[in-house]
Structures are given as structure tokens and as C-alpha cells.
Amino acid sequence: MWNFARIAASSLRGTRRLSTAIPGPCIVHKRGADILHDPWFNKDTGFPLTERDRLGLRGLLPPRVISFEQQYERFMQSYRSLEKNTRNEPESISSLSKWRILNRLHDRNETLYYRVLIDNIKDFAPIIYTPTVGLVCQNYSGLFRRPRGMYFSAKDKGEMMSMIYNWPAQQVDMIVLTDGSRILGLGDLGVQGIGIPIGKLDMYVAAAGINPQRILPVMLDVGTNNQKLLEDRLYLGLRQPRLEGEEYLEIVDEFMEAVYTRWPKAIVQFEDFQFKWAFETLQRYRTRFCMFNDDIQGTAGVALAGLLGTVRAQGRPLTDFVKQKIVVVGAGSAGLGVLKQAVQAVSRMAGNSEAAANSQFYLLDKDGLVTKARKNLDPAAAPFAKDPGEIDGLAEGANLLEVVKKVRPHVLLGLSGVGSIFNEEVLKAMRESDSPKPAIFAMSNPTNNAECTAADAFKHAGENIVFASGSPFTNVDLELVWEPFFLVLILSLMECYKQLLSALLLI
């Protein structure tokens, strides 16, 4: 048995060496300038002379061949120079400048772009995704230079089945779809929300190894209720109010049917849909198509991984998760998704019903603590509403500080989209937590919308905490020679996200 295992491992290692040294052939059907204008195949000045002859590139490039490694070094020098020159500029100007130089590379040479991204993921992830992507989406119409992904609009009704075949890739594995109705914590950005699917898929390529030729970012433009955008002469989307009701669902239905007619095995990720459509579309399509909603299920999977990791960080066995008192601030699609997933986990671990598991969780929205005494209680939040008789000393609508002081939670988890809602008083109240190492999760993004900063959490709640966030923060100097736990946790959450992705499709 062991001999067989050794032989198999040796064979696998040999196969990997061969595949690395001699990559499979790539058949290119284009010639001449068409290749130079295609970022999938363009090597810039890296084409050797033999390829220039075969592909009709002689005379279309400078005569000197610049290797891939030299191009890589040249780009990094340009980036570092830009970084130095914008050091004293406002953060928004500096971030957009960095995004532009990366975007220009993406437009002309995808191979080099992804190599740069993979090798420098810590530096570039905040540029291609949160927090910079929020700024990019807010200004996308003015930043637009070259289309990426596909756009399906309300004006395309009845044409989507034929439109889907306009995409040049024969196979697509991963589609990220948004309607731009709730981009991060920035609200309705209409067609400009396309920046989110683009950035998210770039992260999947760089961090999860998905083939960049088999991804597709998609914007479903059904109008916008953002009056500022409707009045913007540069706005690239439909100038009409958002479709509602059955008209809206008919557009989404047609898109989903078109996608799965051409690519029946593709995964469609719904991203940044407003609350009322996030749950509706998930329930509508989850049993018919291979799809999931990232705000409800993806955030929930990552948050649950973090919550379980917190128990370990507290030096307790994983089974103690059922004893954790968790206050969730934010009753949108993300907050309710996390809450539902965590309650299910507690229920399964304890062997109890979900109703019993609910006793450890407290939900707050913009009106305070959610209880069954609330008038016009949102049906989606109703399963998590507290019975006033179970929470002595807390009334319907109790504010966050009151809840933290009374409950003394092990975990304070924010998905509110309200920046700095975990203020100094709230954070200091967490010092009285029933846990010797309480956890503070400020998961809203972009960074300006985070419930608190990492520095404030450690300053006011104490150094002996677990901190996690949805957006990156700089290191916190605790005058100790150690790597702040929150950075380790963020990296762990990214890894857990990849591992949980397939499982979430079954939830």
C-alpha cells in the first residue's frame, strides 16, 4: 500500500514538473494588430522573432525582444515611481492613480497583469477591490476607457438569448452578476456597479486560481433611482427609474435562462443586490441553477469561519461556540445571512432546534434592538426577534450601548454599513465582555463605512481582543514584537472563503 502511494506521489510530481516546464499549446486564430489589441494573447514586446513571423507581427513592434521578466520589472518600477510621486496626495487621488495604472496593464496584457497581481496581492488587493473599488464605482462613467464584461439592460428584453453568444469565450466557469442597486455601503450606483464584478473576479483569479479566460463580469442594468446619476451627462446606464415587481423579475429570469442555455455548468454569483431582491432571487433560482448570493451566503460563510476561529483564539474548544453571545448590528441581507448561518451552526453543534439556538444572538437594526414587540416587524428579521420576556432590562429598540452593557457579548459583529457606529463608548463597554478575549468584527466596507477602525478597537476595547474587518487596515503598533492577530485572521478568512465556496452552493 505504501509503495503504491509513493509511486503515485512520484508520478504526480513528475507530471507537475512537466506541465510547468512545457505548457500546453495555445491556438491563436488572430493575426497581426488584432493580437496586439487582444489582452488575452498580447505579449507586448515579448514576442520572440519566430512568433512575430508566424503571427504577422514583423514591423508592428520595436525590434528588441523584451522578456516577460523584464516587462514585469519595468511595470513594477513604474508603479513604485507613481506610488512615490503621489505619496503626499489625498488618499482618493493616490488610490485612483494606482487603479488606473493597473487597469491600463489589464487592458493590454492580462498575463502580465495577473502575474503582477498574484505576486503583490497584499499591496494590490486594496486597489483592485475594496476599499478603492468603491471609489472607482462612484466615478466609473468618467473613468471608463474600454469595456470589460457584458451589459444586459431592460432595453434588451427578448434579445438576451442571442446576446449571450456575443461573448467570445467558448466556456465560462464563473459569472459575477450585479444590478448595481446596493454597491458596498454606497447605495444605488446603477451601471457603474460593474466595477464590483470586475474586481471580485480579479481576486478569484489571483487568489483562487480560476482561469481568467473563463470568467465573466456582468451588469444587469434595470435603471437607477440615483437622481444624481440620472442628471450626470457622462452616466453610461439607462436614464430611467429602476424596474420593480414582475418587470424586474422577467429581466433576471431571461438572463438566467440565457446563461444556462449556453453554459449549463457555470456558477452565477449574485453580488450587491438590494435587500428586497437578494432573498427573493436566491429563493427563486437556488434549486434551478448553480448560483449563490455572496452577500447572504458568501459573507455568512466567511463570518462563520471567523466566529469559529474566534473560539479557538480564545483558547476554548470549538464546541464552546454554542455558548457564545453574539450581537449582530445590521439587519440587511448580509447581517441576516450571517445570523441565519450562525444559528444553523449552533443548532447542529448543540443538537437543538433553531429556536433554542436563537437565544445566544441579538439583532439590531437602525431602530435598535429587534424584538417581537416591534410594530411592522420585517418578516425576514422575525425569526431572530427577541421575546421581550427573555431579555430582562432591555426593551424594544434599545440602543447598541445599552445592549452591549447588558448582554456583555463575546462577539460584536457589524454589518450595518454605518461608519464608526462602534464608537468609543461601545468599544470601552466591550472590556466588560464575559469573554477574556472578546471579538470585534467591523465587516462593512468600503473602509469609510467600517463600524470602527482597527486602531480604535485596540485602543478602546483593549489589546487582548480579536479584530476582523471587511476592508484592510494598516498594522496597529502595540509596542510588541508580534503580528497583529487581525491580519492573520483576514488571511484565514480569505482561505476559508475559497474552501467554503463550493459548500455554500448546497446551503
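**Notebook: a cavity and a sheet**

I began with the lining of the largest cavity: helix H5 (91-108), helix H8 (132-138), helix H9 (140-143) and helix H11 (195-208) each supply at least two of its residues. Helices here are DSSP runs of H or I with at least four residues, strands are E runs of at least two, and both are numbered from the N terminus. H5 gives the largest share, five residues.

I noted that this is a predicted model, where local features need pLDDT of at least 70, side-chain atom pairs count only at pLDDT 80 or more, and totals for chains, interfaces and linings use all residues. Residues are numbered from 1 along each chain as its sequence is written, and side-chain values use heavy atoms, without hydrogens and water.

Next I looked up the cavity itself (on a 1 Å grid over the protein atoms alone, a set of points where a 1.4 Å probe fits but cannot get out; lining residues have an atom within 4 Å of a point). The largest cavity is lined by 19 residues, and Trp 99, Asn 103, Tyr 140, Arg 148 and Ile 198 lie nearest its centre.

Then I turned to the sheet. I found six strands in an open, mixed sheet, ordered E8-E7-E6-E9-E10-E11, where pairing takes at least two DSSP bridges between two strands. Strands E8 (368-369) and E11 (466-469) are at the edges with a single partner strand each, so one side of each has no neighbour in the sheet.

I also checked E6 (residues 326-329) and E9 (residues 411-414), which pair in the parallel sense over four bridges. Val 328 has Leu 413 as its bridge partner in E9.

Terms used. 1 Å grid on protein atoms, 1.4 Å probe; cavity = no way out; pocket = protein on both sides within 12 Å on 5 of 7 lines; lining within 4 Å.
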